[in-house]
Amino acid sequence: MNNSIAKEKIISLRKKRSLEDMRFKYYGFTAMCLSLAVLVFLLYTIFSKGYTAFQKTIVLLEVDYNQEVLKLTPDSSDEDMEKGKFFRVKKQAIENFFPDLSKSDIKLVKKLFSINVDKEIKDYFLDNPEVINTKQQIWVTAHSDVDQLLKGNSRRDVPEDRRKLNDIQLSYVDQLVEENRVKQVFNNFFFTKADSRHPEIAGVVGSFMGSLFTLFTVFILSFPIAIGASVYLEEFAPKNRITELIEVNISNLAAVPSIVFGLLGLGVLLNVFGLPRSTPLVGGSVLALMTLPTIIIACRASLKAVPPSIKEGALAVGATKTQAVFHHVVPLALPGTLTGTIIGLAQALGETAPLIMIGMIAFIPNIPTGLTEPSAALPVQIYLWVESAERGFQEKSAAAIMVILIFLFMMNAIAVFLRNRFERKW
Amino acid sequence: MSNSKILANGVDVYYGSKQALFGISMDIKEKEVTALIGPSGCGKSTFLRCINRMNDLIEICKVSGSIKVDNEEIISEKTDVVSLRSKIGMVFQKPNPFPKSIFDNVAYGPTIHGLVDSKNELEEIVHSSLKKAGLFDEVKDRLNEPGTSLSGGQQQRLCIARAIAVNPEIILMDEPCSALDPIATAIIEELIDELRLNYTIIIVTHSMQQAARVSQKTCFFHLGELIETGETNKIFTNPDNTKTQDYITGRFG
Ligand SMILES: Nc1ncnc2c1ncn2[C@@H]1O[C@H](COP(=O)(O)OP(=O)(O)OP(=O)(O)O)[C@@H](O)[C@H]1O
Ligand SMILES: [Mg+2]
């Protein structure tokens, strides 16, 4: 009798427990679906906003490379060619862009072209000097306002005074479309140029290279220091109050807001040591300080994960402590430390606030070629573009976010690859 | 009779405030196998790890008393633990080959001690160590494969080869067969019997039969004290102490 009651109790309890199991499984599943949905939504928004940045609008322009206008002759030297009066050729080309343009209309038409057109006309000629005294049909870059209109990013049904292009300009654009003198092609500028005041020729390469140099600095500074610090703390440091204090403070440092590190960089690196402002060297140093605790924590975790029996084995055959650590423990921990470092670098890649503090927010229209040259960084570039009033920069910022995301994915892929490649079983 | 190789005198060991060994004194003869037996937690491993100063790795472990190896005090600040450990090899309870090739596992010791000048010499040492450990024939075609790919028994013999490659005089074995099947155990026991000709061996074991089979001397530990030590034959047939009697007849432990 008693026995059967006990049995029933056990069975009902078992049912309850399996129900609990089920419920938890559903919670987990729902949570995962939610986060996936948010991620997909995020990616979709960014992509749908940004994919147009990968295209640019070009316009067919008839250019007359007349030697009188250019003030050149067919046998001018290369140096003289450089000095040709290309702005006059361009002026003439625009005046004749539509038949019978009035003076005021010429001004309006001029605004349909990018500032870069002068250079395009010149480059075309320098590449093909034989076109002197001929008329050439050249595809040149349209102004961002035209570009945005044709991409449907700016609306034409708002009152004229709230539009970038007035009614006359609109009708000219329509005419171009009708005559097939305008088209959209791959935007190579985005991947070959640095930032610009003009959206149609602004590119992401300047800030990309800036980020690359910055990350390089971060890696060079933080990896050796982090390895040294974590190996020392994990394997050599005496276990006493001071070590404990250091350990606690490393964790604390990992939680310090990044802008504080920016202030440190501003106060110490720039003002005391006088390092050059806005450079990857300073930015990288600041971010290295910021990521060091993270990397040290990851390194220590992977050092800890190496089974002590390996070290004991080495010590037992008479290895010194240093040999045991550097021949056996560190190599085994290496995949973990590399992964940790890459995660730290990924964190550094997305960091904006400290870079703003040390002046990497300046407008830099050149692609940096070294650590001590002023440059932008990807997240700051995104911030600058989002802030910008020009319509044309909005799609650029979304596209730059895509670039940074791909950069991040690639770094994570490298981390996973390294982990799988070097991971050993024991 | 042969000389004493290790002479322990009044060895106390504390883990923090907890005393694990109480005044252990022991005399271990050269080229003999000494078995340490006793119930779990009685301090056999602790004593073994005192002899090659492995206890240094444990922060809270304090050792006092005297242990002399070849008449040289080793429980002292001045002891050179690196040369001590190259003289005293150790084989652990769980095989712990390095995650490197079989060759590199054995070659590691001779390389760091600078025992060899050329690749050929190194190869010779590796081969002879593997032969002494009775493993060479099984692995000679795959010396470049990871040591961890071997079976448990092979791994343990690899660890023995690794230990004898640095040409030690003493080998400490802490339950070397606890993870092995009877066949692998038999192989290792046979090996211990052979190694005895050249090395002084101290082995910790939970198997009475194993102690009886391989050792000449047996020491019985209980609750951190050395209860009885003597000829293996005598301990197993006619021990002086009733605790020893009880333990070897399986009445406790
Ligand atoms: N690292 C340690 N920290 C604290 N106490 C320890 C440590 N290692 C061992 N001890 C204690 O010391 C005593 C002896 O342990 P030891 O490992 O020497 O026993 P053993 O005889 O080898 O046992 P077993 O046969 O189970 O291996 C035990 O009471 C144990 O709790
Ligand atoms: Mg033990």
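This is a predicted model: local features need pLDDT of at least 70, side-chain atom pairs count only at pLDDT 80 or more; totals for chains, interfaces and linings use all residues.
Me: What makes Lys18(B) a polar contact of ligand 1?
Reply: The cut-off is a pair of N or O atoms within 3.5 Å. A polar side-chain atom of Lys18(B) sits 2.8 Å from an oxygen atom of ligand 1, so the pair counts as a polar contact.

Me: Which backbone atoms reach ligand 1, going by Gly41(B) and Cys42(B)?
Reply: Gly41(B) has a polar backbone atom 2.8 Å from an oxygen atom of the ligand. For Cys42(B), a backbone N or O atom lies 3.3 Å from a ligand oxygen. How much of ligand 1 does the protein cover? That comes to 66% of the 620 Å² of accessible area that ligand 1 has on its own.

Me: What is in the shell around ligand 1?
Reply: There are 14 residues around ligand 1, with Ser40(B), Lys44(B), Ser45(B), Thr46(B) and His206(B) the closest. By class, five are nonpolar, six polar and three charged. Helix H1(B) gives the most, three residues.

Me: How do you know that the length of helix H12 of chain A agrees with its number of residues?
Reply: Take 1.5 Å a residue: the 13 residues of H12(A), 258–270, should span 18 Å, and the end C-alpha atoms are 17 Å apart, so the two agree.

Me: Which residues of H12(A) are buried, and what do they pack against?
Reply: Ser258(A), Phe261(A), Gly262(A), Gly265(A), Leu269(A) and Leu270(A) are the buried ones. They pack against helices H11 (241–254), H13 (280–304) and H16 (353–357) of chain A. As a general point, an α-helix has 3.6 residues a turn, so residues three or four places apart point the same way.

Me: Why is Lys31(B) called partly exposed?
Reply: Its relative accessible area is 41%. Buried means under 20% and exposed means over 50%, so at 41% Lys31(B) falls in between. Lys31(B) is in the loop between S2 and strand S3 (33–37) of chain B.

Me: And why is Asn167(B) called exposed?
Reply: Asn167(B) has a relative accessible area of 57%. The cut-off for exposed is over 50%, so Asn167(B) qualifies. Look for Asn167(B) in the loop between helix H6 (152–164) and strand S7 (170–174) of chain B.

Me: What makes phi worth a look at Lys31(B) and Asn167(B)?
Reply: Most residues other than glycine have a negative phi. Lys31(B), not a glycine, has a positive phi of about 55 degrees. Asn167(B) has a positive phi too, near 60 degrees.

Methods: Residues are numbered from 1 along each chain as its sequence is written. Chains are lettered from A and ligands numbered from 1 in the order in which they are written. Side-chain values use heavy atoms; hydrogens and water are left out. A residue is near a molecule or strand if one of its heavy atoms lies within 4 Å of it. A polar contact is a pair of N or O atoms within 3.5 Å; within protein, one must be able to donate a hydrogen and the other to accept it, and residues adjacent in sequence count only if both atoms are side-chain atoms. Accessible areas come from the Shrake-Rupley method with a 1.4 Å probe; for residues, only the protein chains shown count as cover. Helices (H or I, at least four residues) and strands (E, at least two) are DSSP runs, numbered from the N terminus. Ala, Val, Leu, Ile, Met, Phe, Trp, Tyr, Cys and Pro count as nonpolar, Asp, Glu, Lys and Arg as charged, and the others, Gly among them, as polar. The expected span of a helix is 1.5 Å times one less than its number of residues. Buried means under 20% relative accessible area, exposed over 50%, partly exposed in between (1.4 Å probe, protein chains only). Contact means heavy atoms within 4.5 Å.
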